[in-house]
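Please keep the sequence and the structure in view while reading.

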Amino acid sequence: CFADEHATPFNNQIRGVNLGGWLVLEPWITPSLFYQFLSQPEGEVGMDTYSFCEVLGPEEGNRQLRRHWDTWVTEDIIKQL
């Protein structure tokens, strides 16, 4: 690619990794966390961290979020990156 003058600007860019869905809840990235709300009325649906814990209650919401945070991105994944 270095010989291609059109690719040169891209070769000098810094690239990164997105750990989406780990610390910020996004239903489209981690839909499995939100399946439990499928049959619920609109006011009883968790769509972000706040409403997730508000609907489930602090104890259950915290339990589910901690399990997610502990398993979504692990130390082994960070080492691989």
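Two residues are in contact when heavy atoms of theirs lie within 4.5 Å. The model described here is predicted. Its protein chain holds four helices and zero strands, and 21% of the 81 residues count as buried.

**Overall organisation**
- The elements of the protein chain follow the order α-α-α-α from the N terminus.
- Of the contacts in the protein chain between residues at least 6 apart in sequence, 35% link residues at least 24 apart.

**Interior**
- The largest nonpolar core consists of six residues, namely Leu25, Leu33, Phe34, Phe37, Phe52 and Leu65.
- Phe34, a member of this core, touches Leu25, Glu26, Pro27, Gly46, Met47 and Phe52 when neighbours within four places in sequence are set aside.
- Leu25 and Phe52 are among these contacts of Phe34, and both also belong to the largest nonpolar core.
- In soluble globular proteins, nonpolar side chains tend to be buried together.

**Surface**
- The protein chain has an accessible surface of about 6,500 Å², and carbon and sulfur atoms account for 57% of that area.
- Val17, Leu19, Ile77, Ile78 and Leu81 form a nonpolar surface patch of about 420 Å².
- Within this patch, Val17 sits in the loop between helix H1 (8-11) and helix H2 (49-56).
- Val17 counts as exposed because its relative accessibility is 55%, and the exposed class begins over 50%.

Methods:
Residues are numbered from 1 along each chain as its sequence is written. This is a predicted model: local features need pLDDT of at least 70, side-chain atom pairs count only at pLDDT 80 or more; totals for chains, interfaces and linings use all residues. Side-chain values use heavy atoms; hydrogens and water are left out. Helices (H or I, at least four residues) and strands (E, at least two) are DSSP runs, numbered from the N terminus. Buried means under 20% relative accessible area, exposed over 50%, partly exposed in between (1.4 Å probe, protein chains only). Accessible areas come from the Shrake-Rupley method with a 1.4 Å probe; for residues, only the protein chains shown count as cover. A nonpolar core is a set of buried Ala, Val, Leu, Ile, Met, Phe, Trp, Tyr and Cys residues joined through side-chain atoms within 4.5 Å. Patches are made of residues with over 30% relative accessible area and no salt bridge: like charges are joined within 9 Å, nonpolar side chains (Val, Leu, Ile, Met, Phe, Trp, Tyr) within 5 Å. A salt bridge is a side-chain nitrogen of Lys or Arg within 4 Å of a carboxyl oxygen of Asp or Glu.
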